[in-house]
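Here is a quick walk through one protein model. Take a look at the sequence and the coordinates first, and then we can go through the numbers.

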Amino acid sequence: MQPKPLPTYKQPVVAIIGGGVSGAGVAYHLARANCGKRPVIMVFEPRAELGRGLAYDTTDPAHRINVPAAKMSLQPGDMGEFQAWIEARNAVADDPEAKQSDGLVFPRRRLFGDYVASLLKPLLEEGAVCHRRARVIAVERHAGRWTILDDNGGVTEADIVAIATSHPPPAAPGRLAASLSDHPRFIADTTKPGALDVIRPHDRVLIIGNGLTAADVIASLAQRGHDGPITAISRRGLRSRGHAPVPQPLFGDFIPDAARSAGFLLASIRAAISAAQAQGISWHGVLDQVRAQGHDLWQALPVAERRRLVRHLRPYWDVHRFRIAPQVEAVLDAAIAAGRLNILAGSVADARIDGEFILCELQPRHQRQLLEERYDAVVVTTGPAHGGILETQPWLAALAANGHLSLDPTGLGLACTERSEAIGPSGTADPSLLISGPLARGTFGELMGLPQITEHAFFVASEIAGKLHATAANRQPV
C-alpha cells in the first residue's frame, strides 16, 4: 500500500506516540497550555480510546488499581479528582468490593481508563487533540522535521515528537520459550486478551515471577474458579506487600547523604525503619518518604551506583513500593492459608513437554538439589523486558541506528536529559524529540507509579509548550 500523506497544517505539529496515561496526559496538558500559536496535537494510538494503554484497558474484574482512588488523578495539583469523578457518577455502584471498611476505594482498573478517556473526550470533539488510530511503523528525520509513517498508510510531518510508548512485553527466558512454545498452556505474555482462558479449574500451575503481575494472575484465576495448586517462583521469593492498615506519616530524611552509595542508602533506610517502628510507624511511612524524595535521591547517585541499585536492590524496592490492592492481598492470603499457593525462592533450571504436562526442574535458592515437578500450565510474569525495548519496537531501533536514540546506561529505558530530550549515541540531545513516562526512568528515577507518571506528563507538556512559545516569539516581526 502506498503511503497517503495526511493533511498539512499551518500550525506547528506535535506528534505523541503512545496514547496510554503518559501520552494522553501530555496531550491533555499541552492542549490546555499557553503555546503561543495553538499546535496540532496528534496522538498515535491503535486502541479505540486514549488514556487506557495496557494497564487500564483490561476488562478482567479481578484487576484493580493498587493505590486508593483518592491518590490517583491526571491532575498533579488535584489528586482527589478521580475520587470525585467516581462519587459524582456513583461509578462503583456495581462493584461492592471496591470500597473498604476504612472508606478507601480500590476500583477495577478499567475505571481509571474511563476517567482519563472522559477528560480527553471534549478535547477530541473540539479538535484540540487528534487521535490517529494507528500503529507507528517508522519515524525519520527530514529537512529539520519528523516524518511519521503508520500502519494505516498515513504519513505525518511533525515539528516535535514525544515518545510515550508502553513498556516492552515480558520476555520468557530463551530456553523456556524454545522448549515450551508448542505447549497449549505455556503462557509467555499475560497481557494478551484471553491469555489465561486455557487454564482449567484444577490445573497445577507454575508462575515464573512473583510481583504485581503474578498477583493479578492469581486473583484472575481465583475469579474464574480455579482451585488447583499454584507455585510462584522468583529468584528471591519476594511477594508483593500490601498497604498499611491505617495511613502512615512520612518518616525519615535521606537527602543529606544521598550521594554516598546505593549501599549507604540501603543502610539508611533500614535504620529509619527501625527508628520508625520504635515510634509505632510501619515501614510504609519510610518507603513512602523514599519515594517522595526519589527524584532527588536518584539524581544524587553516580551512574555506577544507580546500576548497583538496579542490579541488587530493585527487587526489594519493587515488592515494597508497588503494593497490591487489599482485595488482591486477601486472595493471596486465602490461597496460602489453604495450602494452594506456594511461594518459592529459586529459578527454573530446565523444562520440557512431557505428554500433556510440563516437566520442570526447579533450583531452590541456596540448595544444590533440584526439585522435579510436573505442571499442567506455566505462566511467565517476569515483567517488562526493559533491555529489549529497541528490539520490540523496530521504529525505535531505527531511530537508534540513525543516531537519535540510545539506551540509558542503567538499563531502565531510553537515555534523555533532565528536560526529557532524547540523547543519541553521540551524547547529543535533540530538543525536538522527547521521552515521556516510564521509558525515561533512567534519568528521572521513580516513574512507574501513577502520580509520578502524571507529574512527568505535565512536565513534558510544559517543556513542549515552552519550545513552541519560544519558536512563535522568534517568528514574530520586529
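How much accessible surface does the protein chain have, and what percentage of it belongs to carbon and sulfur atoms? The surface comes to about 21600 Å², and 53% of that belongs to carbon and sulfur atoms. These areas come from the Shrake-Rupley method with a 1.4 Å probe, and for residues only the protein chains shown count as cover.

## Ground rules

This is a predicted model, so local features need pLDDT of at least 70 and side-chain atom pairs count only at pLDDT 80 or more, while totals for chains, interfaces and linings use all residues. Residues are numbered from 1 along each chain as its sequence is written, and side-chain values use heavy atoms, with hydrogens and water left out.

## The whole chain

The protein chain has 14 helices and 17 strands; these are DSSP runs numbered from the N terminus, with helices being H or I of at least four residues and strands E of at least two. Its radius of gyration is 23 Å, close to the 23 Å that the globule rule gives for 478 residues, so the chain is as compact as a globular protein of that length. (The radius is taken over C-alpha atoms, and the rule is 2.2 Å times the number of residues to the power 0.38.) Along the principal axes, the C-alpha trace spans about 75 × 60 × 50 Å.

Among contacts (heavy atoms within 4.5 Å) with a separation of 6 or more, 70% join residues 24 or more positions apart.

## The seven-stranded sheet

Seven strands make an open sheet with mixed pairing, in the order β9-β15-β10-β11-β12-β13-β14. Strands count as paired if DSSP finds at least two bridges between them. β9 (186-187) and β14 sit at the edges with a single partner strand each, so one side of each is left without a neighbour in the sheet.

Within this sheet, β10 (residues 205-208) and β11 (residues 230-234) run parallel, joined by four bridges, with Leu 206 partnered by Thr 231 in β11. β13 (residues 357-364) and β14 (residues 371-375) are antiparallel, with five bridges, and Leu 362 stands opposite Leu 371. Their hairpin has six residues between the strands, and His 366 takes a positive phi near 65° there.

## Around β17

Strand β17 (residues 429-435) has five of its seven residues buried, so it is largely enclosed by the rest of the structure. β17 pairs in parallel with β8 (residues 160-163) over three bridges, where Val 161 has Leu 433 as its bridge partner. β17 also runs antiparallel to β16 (residues 421-423), with two bridges; here Ile 423 stands opposite Ala 429. The β16 and β17 hairpin has five residues between the strands, and Gly 427 has a positive phi near 90°.

Leaving out residues up to four places away in sequence, its contacts include Arg 141, Trp 146, Ile 423, Asp 430 and Leu 433.

## A covered helix

Helix α7 (residues 283-292) is mostly covered, with nine of its 10 residues buried.

Key: Buried < 20%, exposed > 50% of the residue type's maximum accessible area, 1.4 Å probe, protein only.
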